[in-house]
Amino acid sequence: MLHNPNHLYIFDTTLRDGEQVPGSQLTTPEKIIIGEALQSLGVDIIEAGFPISSPGDFQSVVELSKAVREPIICALTRANKGDIDCAAEALKYAKRPRIHTGIGSSDMHIKYKFNSTREAILERAAEAVKYAKQFVEDVEFYAEDAGRADNVYLAQMIEAVIAAGATVVNIPDTNGYCLPEQYGAKIRFLKENVKNIDQAIISVHCHNDLGLATANSLSGIQNGARQVECTINGIGERAGNTSLEEVVMALKTHYQTLQFQTNINTKQLYPLSAMVSRMMRMPVQANKAIVGRNAFAHSSGIHQDGVLKHRENYEIINPEDVGIDQSEIILTARSGRHALKHHLERLGYTIERIDLDQTYQRFLTLADEKKEIKDDDLLRLMGEEAESNFKNGVTISSLQVITGDQSDPQAIIKLNYRGTEQEATASGNGPVSATIKAIESIIGSHNEIKEFNIHSIHGGSDDVSKVDMRVIHEDQSYMGYGFSTDIVRASANAYLDALNKFV
């Protein structure tokens, strides 16, 4: 395989190692959907499955080989002819096939898993690579449990399999045992002590049992590895594998230092994370780096103020770079005035017309009662605020609506407008239409309503309704929001909310 020394190959094993999570198995059509998404993402290699393990896995490798044409399609085997024959058959439609074969390299595995000797295992490793080489040019060898293997013996094994034809040598920290310095030193030892190491690419495959998979992978890369094996969301056996999105964004963030490039379109990371989470029924933890729902969320008042002043005060990654529209400022009792002002302006309120200090105190009272303040809470708060705080604002004193099947609905409304209480009556083709016309007869102007939406906040016949509407006044657009258990009153409140932004 030709190799650009500054290119890091991304080997995705979501569909093989990642799918080994209990309860997260995928059907073949689901694997194809994810495989096509991985191709679009820009991964270099897709490990499609372990063909000998089941007829379903065999078929998945066959169908993925047909459907996905750009990345290398890789199939896993153990170091025996039956596994390799099965993998070769499953890969017969692949445009760029790879067989991934291997065997244990630690004394622990040699003694307790294979009941064998170092010499016998070394021979089996080389024979497996030679046999796989008869079917495909691209053969990757994995030295299972390399993290706990003796470095001198590991170097002998890697030298032997490269001589047998391996194009990629995988050094797995199968049990997530190593510390980053140890793992990096292991990769460096191989670089310096395997005579033919320049004839193959070193790959890192780390597990997260101690929460060090990403750190170990990066250490391996810094010490000579040029392929990283990873999964979307870091899913996989036990505590999982190296997270693709973490490695890719670490390399991108530290490009000036590390100087490694990938083919990954990072803007697809978040959408693909969500797809994998949904299809594999594996929720992403809220504080997961890069793709967790809190990865770009700020709730501390100090952090919110800093982010609103300059995003990079508290964000080293632009959320848009990973496919998230923007940072999220979460309103809680620890939020400050700057965060509240940001959300109110986003909802269309003109801060100059609001007593922000008084509003903030009312906000804190509400925030103490609820863990998190949503837009609906703010809109309700501002609906109450509007009635008491807008100078020269328009407020409702009373509203009566008469409806029946013999005549058009009629609304009788009393408004506090410009310091006096004024009353009007109007008819319309519905109770809301009649109410709006009555309001307009008092204020003396007609304004076009472009959008009108009614929402139930909680559900149930006695629920509070939320109405939002977009009102056009002198070619300017104003959003209005209203709340009430009565839809007509909520609509009137929404219209007046918009009105108070320009009256």
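The structure holds two aromatic pairs, and in one of them the ring centres of Tyr131 and Phe135 lie 5.3 Å apart with their planes at 75 degrees, so this pair is edge-to-face. All of this is read from a predicted model, in which the domain assignment divides the chain into domain 1 (9–279), domain 2 (297–389) and domain 3 (395–502).

**Aromatic rings**

**The annotated binding site**

- An unreviewed UniProt entry places the feature "binding site" at Asp17, His205, His207 and Asn241; although these positions are spread over 225 residues of sequence, they cluster in space, with a largest C-alpha distance of 10.5 Å.
- Asp17 is located in the loop that runs between strand 1 (9–12) and helix 1 (28–41), and with a relative accessibility of 3% Asp17 counts as buried.
- When neighbours within four places in sequence are left aside, the residues in contact with Asp17 are His205, His207, Gly236, Glu237 and Asn241, a set that includes His205, His207 and Asn241 from the UniProt annotation.
- Asn241 lies in another loop, the one between strand 8 (227–230) and helix 9 (244–253), and Asn241 likewise counts as buried, at 3% relative accessibility.
- The side chains of Asn241 and Asp17 are joined by a polar contact of 3.0 Å, which links two of the positions named in the UniProt record.
- Beyond four places in sequence, Asn241 touches a list of residues that includes Thr13, Asp17, His205, Cys206, His207 and Asn208, and among the others are Ala213, Thr231, Gly234, Ile235 and Gly236.

- Asp145 is placed in the loop between strand 5 (139–144) and helix 6 (151–163), where, at 0% relative accessibility, Asp145 counts as buried.
- The side chain of Asp145 makes a polar contact of 2.6 Å with the side chain of Ser106, and the side chain of Asp145 also makes a polar contact of 3.1 Å with the side chain of Arg148.
- Not counting residues up to four places away in sequence, Asp145 touches Ser105, Ser106, Met108 and His109, and also Pro172, Thr174 and Asn175.
- Ser65 belongs to helix 2 (residues 55–67) and, with a relative accessibility of 0%, counts as buried.
- The side chain of Ser65 reaches the backbone oxygen of Val61 at 2.7 Å, while the residues in contact with Ser65, leaving aside neighbours within four places in sequence, are Ile73, Ala90, Leu91, Tyr93 and Ala94.
- Ser65 and Thr242 are 177 residues apart along the chain, and their C-alpha atoms are separated by 24 Å.

- Most residues other than glycine have a negative phi, which gives the background for the two residues described next.
- Gln259 has a positive phi, near 65 degrees, although it is not a glycine; Gln259 is situated in the loop between helix 10 (255–258) and helix 11 (269–279) and is partly exposed, with a relative accessible area of 34%.
- Arg418, again a residue other than glycine, has a positive phi near 55 degrees; Arg418 occupies the loop between strand 12 (410–417) and strand 13 (420–427) and, at 62% relative accessibility, counts as exposed.

**Domains**

- The C-alpha centres of domain 1 and domain 2 are 45 Å apart, and the contact between these domains takes eight residues from domain 1 and seven residues from domain 2.

Note on methods: Residues are numbered from 1 along each chain as its sequence is written. This is a predicted model: local features need pLDDT of at least 70, side-chain atom pairs count only at pLDDT 80 or more; totals for chains, interfaces and linings use all residues. Side-chain values use heavy atoms; hydrogens and water are left out. Rings of Phe, Tyr and Trp (its six-membered ring) pair if their centres lie within 6.5 Å; planes under 30 degrees apart count as stacked, over 60 as edge-to-face and the rest as tilted. UniProt positions are given in the numbering used here, feature names are shortened, and annotations may be inferred rather than shown by experiment. Helices (H or I, at least four residues) and strands (E, at least two) are DSSP runs, numbered from the N terminus. Buried means under 20% relative accessible area, exposed over 50%, partly exposed in between (1.4 Å probe, protein chains only). Contact means heavy atoms within 4.5 Å. A polar contact is a pair of N or O atoms within 3.5 Å; within protein, one must be able to donate a hydrogen and the other to accept it, and residues adjacent in sequence count only if both atoms are side-chain atoms. Domain bounds come from an automatic or database domain assignment.
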